[in-house]
Amino acid sequence: AKKSCIITRDIIDFYYKFYREVFKKNRVWLKIIQEYPNNKKMNRQIFNMNFGFLGLQFSFALQQTNMSPIYRYLGADENNAILWLAGPITGLIIQPIIGAWSDHTWSKNWGRRKPFFLFGAIIASIALFLMPQSSALWMAVSLLWILDAANNITMEPYRAFVADKLPTKQHSLGFITQSFFTGLGSTLANFTPAILITLGLV
């Protein structure tokens, strides 16, 4: 536990220094945000419409960083490329199909993109919960395919959501907010195993 705490502190220090330097050198996002200081309602809407990217990227990053230990635990060779085909293949096939489908799908109550968010998020959550419980290699591989497919179903319409909802002059702020939550989700996902070990939950 003491070693885990030291590792966790080292990770926190690394990310703190990294993001401090990034924000010091790149102030574009601050200038863009300052263009809309009085439009609190719109800024709140931008925050809300992009907050889901935190969970989406958390899901992506968590499976990317933890599938190797799961494969090793199940006795598989983690360097076997066949085990990692889910990501590129689902992205290649599902993203353009779902993107085009969501462009031409309209729901009276949910609009054009939201049904895909909901369906993908539910499936991804179930797969992410079951992944650590995998008792056989075929189960882990199948769940990885399901998880990647669900993430892609959610992600592609979500990317277009900002362009759908915001006027052109606010696209920059919308996409920067989207990128912020994407980076934050990845960071939290990388912290999660160390935090769980430190707290004695695993």
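Arg159 is partly exposed, with a relative accessibility of 38% (buried means under 20% relative accessible area, exposed over 50%, partly exposed in between, with a 1.4 Å probe and protein chains only). The model is predicted, so local features need pLDDT of at least 70 and side-chain atom pairs count only at pLDDT 80 or more, while totals for chains, interfaces and linings use all residues. Residues are numbered from 1 along each chain as its sequence is written, and side-chain values use heavy atoms, with hydrogens and water left out.

The side chain of Arg159 meets that of Glu156 in a salt bridge, at 3.6 Å from N to O (a side-chain nitrogen of Lys or Arg within 4 Å of a carboxyl oxygen of Asp or Glu). The count by this rule is 1 salt bridge. Both residues belong to helix 7 (residues 137-165), 3 residues apart, about one turn of the helix; helices are DSSP runs of H or I with at least four residues, numbered from the N terminus.

Turning to the rings, the model has 8 aromatic pairs (rings of Phe, Tyr and Trp, the last by its six-membered ring, with centres within 6.5 Å; planes under 30 degrees apart are stacked, over 60 edge-to-face, the rest tilted). Phe47 and Phe181 pair edge-to-face, at 5.2 Å centre to centre and 75 degrees between the planes. This pair links distant parts of the chain, 134 residues apart: Phe47 sits in helix 3 (residues 40-50) and Phe181 in helix 8 (residues 171-198). Phe47 is partly exposed at 43%, whereas Phe181 is buried at 3%. Another edge-to-face pair joins Tyr71 and Trp84, at 5.3 Å and 80 degrees.

How values were computed. Helices (H or I, at least four residues) and strands (E, at least two) are DSSP runs, numbered from the N terminus.
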